[in-house]
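Work through the exercises below with the sequence and the model open beside you, and try each task before you read its solution.

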Amino acid sequence: MTPSKISPPDQQERPLLELLEEMRAVVRYGLPVHADHAGPHLLALPAVRSRALDPGDRVSLARALEAALREEVDRLQHELAPAARLLLGSDPSTAGARLTVRRAAAAKASGYELHHFRKRIEPKIWSLLVGQLGRAGDVSAVVAPVLHPAHRPLVLPADVFAWEAVEHQQTLASLWGAVYLLRAELLRTAALVSMDAVEDELVAAAASALWRHALVLHATARYQAAYGQVLLHSAADAGPALGPTQIAASAGWTPELTPAQELLLIEVAAPEASLLDFMTVLACAQGGPRLIATWRWALTGRAPSGTGPDQEEP
Amino acid sequence: MSLDQLLNPATPPRRYVITGGPSSGKEAVFGLLHEMEIPSTEGEPAREIYRKHRDRLGRHLQVGDRQEYSRDVLAAFVAEFCDHKQGLRFYNRGIPDGYGWDAFFGLRPYPELEEATRVYRYDAVFVLDALDDFDSEDDLVWAKEREIRRVHELIVQGYYDAGYKPIFVPADEPRRRIDFICAQLPVPAS
């Protein structure tokens with residue numbers, strides 16, 4: 001299955017040249033990273049934003065950049081790794097030292113003459129570090145749960161973090177699942193309208209779409225109760241944070257409802273109940289018949305005889 | 001240095017955290033530590049507290065419940081820290097894991113966590129790398145999940161934020177990981 005992906009708006013590309021230039025500045029001053037010496041492209045990397053306690057705060061981003069650099073340089077498996085650690089000052093022997101001292105130690109450790117190291121090898125180290133940070137952030141894009149064929153049962157480690165991660169995945173998958181089912185009904189309704197189908201078919205399709213829409217609202221409310229208004233971890237990605245309501249809206253266009261009508265739908269929707277149960281309860285609820293008529297009218301352009309959107313409540 | 005030297009109980013307290021995300025193989029490492037009778041955390045206190053909260057609430061934790069849970073876990077970590085008086089001990093997660101927990105849910109660290117992080121300092125922190133390129137049974141399925149990787153990163157970040165320099169333990173057999181960890185430990189002062 002192809003994963004659905006919602007790109008945060010205004011997400012910018014990360015030009016390599018700027019990243020390298022900014023890494024050069026970080027190397028010049030060494031660790032720790034000072035907020036004034038950290039360039040905007042480095043601070044915008046997903047690997048950095050995902051670690052920052054407050055992605056809107058430059059100091060917090062600089063601390064996250066430092067931690068990400070330390071971790072990546074610690075993990076680096078490359079012949080230049082020891083030189084990179086010495087040059088950055090993450091190695092205790094050069095921590096806090098001036099650039100000339102760090103450079104001399106790094107050149108010596110890597111077996112290069114000092115000027116050759118400065119001119120030829122240092123740029124390779126900037127590139128290496130930028131590449132490591134870039135790869136570390138590859139996992140940060142916001143995507144719908146990606147599905148793979150499974151060849152064995154899923155057995156979770158008994159770990160609170162795993163339980164929470166699974167609960168989040170479950171809540172998110174339920175939301176996406178509801179969104180896809182609503183999308184299917186919206187598509188079916190649009191096709192029937194296009195075919196100028198008979199009224200009974202249109203009424204049934206609109207009712208199914210309304211039911212699915214109510215279940216999307218229910219799943220959204222459930223997500224918000226558990227995790228808040230913003231999708232977990234999306235605040236760390238570049239651009240404005242995504243919320244569950246944006247996932248819900250990705251099903252397709254739906255008629256505009258008032259907040260009171262949305263609340264009514266959430267109250268009436270029960271994931272275990274059938275379409276018939278849902279419509280029966282909604283039709284008997286205060287404001288229910290009007291909501292059904294408004295929805296049907298907006299979605300199909302038609303309403304059953306005598307049941308237009310201006311119909312009075314019984 | 002022999003294991004007996006390391007374990008000499010007539011030495012000042014030395015506290016070492018072993019942490020990592022789910023699927024890092026932590027359970028297996030602690031299982032073997034117990035078999036080897038090396039002083040270490042029994043079970044995982046956070047897990048039992050989590051179960052109690054869930055049972056009491058009758059549902060999964062929600063936004064408003066999580067900091068209370070965090071505070072209970074913090075109290076358990078502090079108690080375990082203070083109970084240890086002599087010799088070496090390995091801790092199944094430590095106080096700064098709370099930073100990772102809060103960050104996972106987009107919460108800011110709370111004052112008690114920051115205070116405890118300042119007051120109760122571990123001697124070293126070992127982070128078990130995920131077993132995602134390691135031929136392990138069930139863990140393999142989860143280690144590749146994006147969210148699990150995120151949890152791991154947030155835990156590591158929490159320790160950096162708390163002023164530690166974690167030592168990364170490569171994915172390997174539990175025995176070799178324990179050997180790796182012990183090789184990093186300094187000879188205890190008598």
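Predicted model: local features only at pLDDT ≥ 70, side-chain atom pairs only at ≥ 80, totals over all residues.

Residues are numbered from 1 along each chain as its sequence is written, chains are lettered from A and ligands numbered from 1 in the order in which they are written, and side-chain values use heavy atoms, with hydrogens and water left out.

**Exercise 1.** Describe the interface of chain B and chain A by its residues, its buried area and its salt bridges.

Step 1. Taking contact as heavy atoms within 4.5 Å, we find 47 residues of chain B and 42 residues of chain A taking part.

Step 2. The size of an interface is often given as the accessible area lost when the parts come together. For chain B and chain A this buried area (accessible area with a 1.4 Å probe that two parts lose on being put together, summed over both) is about 4,100 Å², with 57% of it on carbon and sulfur atoms.

Step 3. Four salt bridges (a side-chain nitrogen of Lys or Arg within 4 Å of a carboxyl oxygen of Asp or Glu) are counted between the two chains. One of them joins B:Arg93 to A:Asp159, with N and O 2.5 Å apart.

Step 4. On the side of chain B that touches chain A, two or more residues come from each of several elements, among them helix H2 (26-35), helix H3 (45-57) and helix H8 (146-161) of chain B; helices here are DSSP runs of H or I with at least four residues, strands are runs of E with at least two, and both are numbered from the N terminus. H8(B) gives the most to this side, namely 14 residues.

**Exercise 2.** Where in chain B do B:Lys26 and B:Glu44 lie, and are they buried or exposed?

Step 1. The two residues form a salt bridge whose closest N and O atoms are 3.6 Å apart.

Step 2. B:Lys26 belongs to helix H2 of chain B, whereas B:Glu44 sits in the loop between H2 and H3, 18 residues apart, and the pair thus links distant parts of the chain.

Step 3. Both B:Lys26 and B:Glu44 are buried, where buried means under 20% relative accessible area, exposed over 50% and partly exposed in between (1.4 Å probe, protein chains only).

**Exercise 3.** Explain why strand S2 of chain B is described as largely enclosed.

Step 1. Five of the five residues of strand S2 (residues 88-92) of chain B are buried, so the strand is largely enclosed by the rest of the structure.

Step 2. In a regular strand the side chains alternate between the two faces of the sheet. In S2(B), B:Leu88, B:Phe90 and B:Asn92 point one way, B:Arg89 and B:Tyr91 the other way.

Step 3. S2(B) pairs with strand S1 (residues 14-19) of chain B in the parallel sense over five bridges, and pairing requires that DSSP finds at least two bridges between two strands. B:Tyr16 stands opposite B:Phe90 in S2(B).

**Exercise 4.** Describe the surroundings of A:Thr94.

Step 1. A:Thr94 lies in the loop between helix H5 (81-88) and helix H6 (99-110) of chain A.

Step 2. A:Thr94 counts as buried because its relative accessibility is 2%.

Step 3. Leaving out residues up to four places away in sequence, A:Thr94 touches A:Arg85, A:Leu86, A:Gly89, A:Arg102 and A:Ala105. A polar atom of its side chain lies 2.8 Å from the backbone oxygen of A:Leu86.

Notes
Polar contact = N/O pair within 3.5 Å; in protein donor to acceptor, adjacent residues only side chain to side chain.
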